[in-house]
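The structure to which it refers is shown below.

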Amino acid sequence: MTTPLTGQRTLNRVTDRQQLGPDAQVDDKALVFVPTDPALTDPFLALVEDWFSTPGFEWHPHRGLETVTTVVDGVLEHGDNLGHAGALQPGEVQWMTAGRGIVHRELAYRNEHAHVLQMWLNLPAEKKMTPSRYQDITRAAMSRVEAAGVGIDVHAGTVGGVTGAARTHHPVQGLVATLDPGSHYDLQVPAEHRLFAYVMDGRLLVGGRELRAGQTGWSDPVTAGADGDTATTTLQLAAADPERRARVMVYSGTPLREPVALGGPFVMNTKIEITKAFTDFHAGAFGPVPRLARIAYDR
C-alpha cells in the first residue's frame with residue numbers, strides 16, 4: 001500500500017497494544033503488534049513488550065531475522081553461543097542478527113527486573129543465512145540528537161545529521177524520542193520507508209493524529225509526485241499533554257515485498273526452509289547450547 005507524496009507524513013492506521021498478563025517466563029507481557037499480516041508491517045514482523053524477573057528467556061534459537069531489544073527499565077543480561085555476554089542498562093539496545101542460526105538467552109540481571117521492547121526485523125532472502133552477530137548499543141556508543149525540549153537516541157540510520165551505531169542489512173532508521181510538554185520535532189523519513197511510531201509514555205500528536213501510551217501509528221510508503229521527488233518526507237511529532245513528557249519509539253524501513261514463512265523462532269521465505277531450520281537446529285548446526293554461567297555480581 002502507498003500514499004500520495006505530500007511532503008508531510010500522515011498515519012494510515014492506528015493499532016492498540018494487547019495486554020496478555022503473566023506467563024511461565026514473564027511477570028507481564030503485551031503484544032504491540034504481531035505478524036498476522038506481514039505485508040502490512042513489512043519489513044517489521046513484531047514488537048513485544050515484556051516485564052520479567054525470573055526465569056526470563058533461557059537458551060533458544062533464531063534464524064532468518066534480527067531481534068532489536070531496547071531496555072526500558074531494569075537491567076537486561078544476555079548471552080549467546082558465539083561467546084558474547086553482557087548487561088544492558090535502560091535506554092541501551094541489543095541488535096542481534098540471527099542470520100543462519102544463533103542460540104541465545106535474555107534474563108533479568110540478578111533475577112531482579114527487566115522491562116524491554118523487542119522488535120523482530122525481517123532479513124532479505126539473500127541475507128537469511130548471513131553470519132550471526134551481536135551489536136550492543138550502549139550509552140557510550142549511543143548517538144544522540146538534542147533540540148529544544150527534545151532528546152533523541154538514534155539506534156540506526158541518520159536523524160538530524162547524526163547516524164546511529166547499528167549496522168543494518170537493509171535500509172532502516174530507528175530511534176527513541178523524548179519530548180517535553182509543548183515541544184515538537186520534524187522527523188525526516190525516506191519516502192520509500194514504512195514507518196511505525198509506538199507511544200511508550202504520555203500523549204503525542206503523530207502526523208497530526210493524537211496517540212496515547214500503548215498505541216502505534218503506521219505510515220505506509222509514499223508514491224512519487226509529478227516531479228519524481230521521493231527522497232524524504234516529514235513526520236511531525238508534538239507533545240500533546242501540557243504537563244507530562246512523552247516518549248515514542250519510531251522505526252522505519254524499506255519493505256522487502258518477499259514471501260514470509262513463520263515457524264516459532266524462525267522466519268524464512270518458505271515452509272520448506274522452516275522445516276530445514278528445525279532440522280538443522282536439532283542436528284546441532286547452530287552450535288551447542290552454551291554452558292555459560294550467569295554474570296557474576298557481588299551480593
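## Asp27 and its surroundings

Two residues are said to be in contact when they have heavy atoms within 4.5 Å of each other. The model discussed here is predicted. Leaving aside residues up to four places away in sequence, Asp27 touches Gly21, Pro22, Trp51, Phe52 and Ser53.

Asp27 is located in the loop between strand E2 (18-19) and E3. Its relative accessibility is 39%, so Asp27 counts as partly exposed, given that buried means under 20% and exposed over 50%. The C-alpha atoms of Asp27 and His170 are separated by 34 Å, and these two residues are 143 residues apart along the chain.

## The largest pocket

The largest pocket contains about 360 Å³ of space. It is lined by 21 residues, of which Lys29, Val48, Phe57, Gln118 and Trp120 are the closest to its centre. By class, the lining of the largest pocket comprises 10 nonpolar, seven polar and four charged residues.

Strands supply much of the description of this site. At least two lining residues come from each of strand E3 (28-33), strand E4 (44-52), strand E5 (57-62), strand E11 (114-122) and strand E25 (261-263). The most is given by E4, with four residues.

## The second largest pocket

About 200 Å³ of space lies in the second largest pocket. Among its 13 lining residues, those closest to the centre are Thr15, Phe33, Val34, Thr36 and Thr41. Two or more lining residues are given by each of strand E1 (13-16), E3 and helix H1 (38-41). The lining of the second largest pocket divides into six nonpolar, four polar and three charged residues.

## An open four-stranded sheet

Four strands form an open sheet in the order E5-E10-E7-E8, with antiparallel pairing. At its edges are E5 and strand E8 (85-88), each of which pairs on one side only. On average, neighbouring strands of this sheet are turned by 20 degrees against each other, direction ignored.

Within the sheet, strand E7 (residues 76-80) and strand E10 (residues 102-108) run antiparallel and are joined by five bridges. Leu76 stands opposite Ala108 in E10.

## Strand E23 and its partners

Strand E23 (residues 232-239) is largely enclosed by the rest of the structure, because six of its eight residues are buried. Strand E18 (residues 184-190) pairs with E23 in the antiparallel sense over seven bridges, and Leu187 stands opposite Leu235 in E23.

E23 also runs antiparallel to strand E20 (residues 203-206), to which three bridges join it. In this pairing Val206 stands opposite Leu237 in E23.

## Strand E24 and its partners

Strand E24 (residues 246-253) is mostly covered, with seven of its eight residues buried. Eight bridges link strand E17 (residues 172-179) to E24 in the antiparallel sense; the bridge partner of Leu175 in E24 is Val250.

Strand E19 (residues 194-201) likewise pairs with E24 in the antiparallel sense, over seven bridges. Tyr198 stands opposite Met249 in E24.

Key:
Residues numbered from 1 in each chain as written. Predicted model: local features only at pLDDT ≥ 70, side-chain atom pairs only at ≥ 80, totals over all residues. Heavy atoms only, no water. 1 Å grid on protein atoms, 1.4 Å probe; cavity = no way out; pocket = protein on both sides within 12 Å on 5 of 7 lines; lining within 4 Å. Points joined across faces, edges and corners; volume = space filled by probe spheres on them. Nonpolar A, V, L, I, M, F, W, Y, C, P; charged D, E, K, R; others polar. Pairing = 2+ DSSP bridges. Axes fitted to C-alpha atoms, helices over the stretch in contact; angles between N-to-C directions. Buried < 20%, exposed > 50% of the residue type's maximum accessible area, 1.4 Å probe, protein only.
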